[in-house]
Amino acid sequence: MKARDKALREYFLDTIQLLPPLADRLKDAEMVEEPTATGNYSYQMDECQGENYILVGDAYTFIDPMFSSGVMLAMNSGFAGSDVVDAKLRGDKAAEAKARERFDHVMRIGPREFSWFIYRVTNPMLRELFMFPSDRWGMKKAILSVLAGDLFGETDVKPGLRRFRMIYYIFSLGHLRAALKGWRRRMSNIRDDSDMPMSRG
Ligand SMILES: Cc1cc2nc3c(=O)[nH]c(=O)nc-3n(C[C@H](O)[C@H](O)[C@H](O)COP(=O)(O)OP(=O)(O)OC[C@H]3O[C@@H](n4cnc5c(N)ncnc54)[C@H](O)[C@@H]3O)c2cc1C
């Protein structure tokens, strides 16, 4: 992608031609807007539910699916969301309120934990820490649980993750220059797309 030597539109159309079955399928398609390019694309809606709707999977949030989090989070939100729908259809207000509370929790915690790692994975600080893994204070167990997608199960990952983050921040203070560089790069990559249709925040 970095070696692209032509205009984006041309590059997009030429790339489609590289795959004949795709080109054939799109032969009568009409481009409704100019292509845009982006890296590390993510978004999150403000709310994941309302009176008569819930947003599951990518409809609520999308984070760069490093560690295959995309499918896992989508499937998981489907499970939690089905409890809301079931309670709603049965007209059980108490069960619905409980299911909605859990749904809200499930929808927010997963992307939050994953994105903390995803936004920092190319940061030299995190790489350094990964090069010296320690089983102290339940940190290794907590990180492995996150990477394995065990965020909503029985393993209590919170204390281990909190300790790991604390060590990360202390370590970053000791390497302030590199940490600031990574932070600036992350900040410059964040763009507010709230004026785009179907996208807020
Ligand atoms: C290029 C790419 C690579 C990815 N790689 C990975 C990866 O390696 N690992 C990983 O875990 N995740 C990956 N993801 C993310 C992952 O695919 C998504 O997070 C996941 O599929 C989201 O599931 P979903 O059910 O929310 O949405 P989707 O899988 O998008 O399903 C939505 C479905 O709804 C249908 N639909 C849309 N509108 C309507 C309508 N009006 N009526 C009826 N049906 C409709 C669509 O056709 C689609 O089938 C990748 C995504 C992309 C784009």
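The stops that follow cover the nonpolar cores, a pocket, an aromatic pair and a cavity in this predicted model.

**The largest nonpolar core**

Begin by selecting F114, F117, L161 and F164, which touch the most other members of the largest nonpolar core, a set of 19 residues. Next, colour the helices α4 (93-120), α5 (124-131), α6 (139-147) and α7 (158-174); each of them supplies at least two residues of this core.

Now centre the view on F164. Which residues does F164 contact, once its neighbours within four places in sequence are left aside? They are W116, F117, L126, L129, F130, M139 and I143.

A further core, of ten residues, lies apart from the largest one; M45, L55, A99 and V106 are among its members.

**I167 in helix α7**

Move to I167, which is placed in helix α7. Is I167 buried, partly exposed or exposed? Its relative accessibility is 25%, so I167 counts as partly exposed, given that the partly exposed class lies between under 20% for buried and over 50% for exposed.

Display the contacts of I167 beyond four places in sequence: these are with L129, W137 and M139. For I167 and L129, which are 38 residues apart along the chain, the C-alpha atoms are separated by 8.8 Å.

**The second largest pocket**

Select L129, F132, P133, S134 and F164 together. Of the 16 residues that line the second largest pocket, these are the closest to its centre. The pocket holds about 340 Å³ of space.

Colouring by element shows that α5, α6 and α7 each give two or more residues to the lining of this pocket. Helix α6 contributes the largest share, five residues. Colouring by class then divides the lining of the second largest pocket into twelve nonpolar, one polar and three charged residues.

**An aromatic pair**

A search of the whole structure finds two aromatic pairs. For one of them, select Y168 and Y169: their ring centres are 5.4 Å apart and their planes meet at 75 degrees, so the pair is classed as edge-to-face. The angle qualifies because planes over 60 degrees apart count as edge-to-face.

The two tyrosines fall into separate accessibility classes: Y168, at 4% relative accessibility, counts as buried, whereas Y169, with a relative accessible area of 41%, is partly exposed.

**The largest cavity**

Select G57, T61, L73, A74 and P111, which are the closest to its centre among the 13 residues that line it.

The elements β4 (61-62), α3 (69-90) and α4 each supply at least two residues of this lining, and α3 gives the most, with five. By class, the lining of the largest cavity comprises seven nonpolar, five polar and one charged residues.

**N76 in helix α3**

Finish at N76, which is found in helix α3. With a relative accessible area of 18%, N76 is buried, because the limit for that class is under 20%. Beyond four places in sequence, N76 touches V106 and F152.

Technical notes:
Residues numbered from 1 in each chain as written. Predicted model: local features only at pLDDT ≥ 70, side-chain atom pairs only at ≥ 80, totals over all residues. Heavy atoms only, no water. Core = buried A, V, L, I, M, F, W, Y, C linked by side-chain atoms within 4.5 Å. Buried < 20%, exposed > 50% of the residue type's maximum accessible area, 1.4 Å probe, protein only. Helix = DSSP H or I, 4+ residues; strand = E, 2+ residues; numbered from the N terminus. Contact = heavy atoms within 4.5 Å. 1 Å grid on protein atoms, 1.4 Å probe; cavity = no way out; pocket = protein on both sides within 12 Å on 5 of 7 lines; lining within 4 Å. Points joined across faces, edges and corners; volume = space filled by probe spheres on them. Nonpolar A, V, L, I, M, F, W, Y, C, P; charged D, E, K, R; others polar. Phe/Tyr/Trp six-rings, centres within 6.5 Å; stacked < 30°, edge-to-face > 60°.
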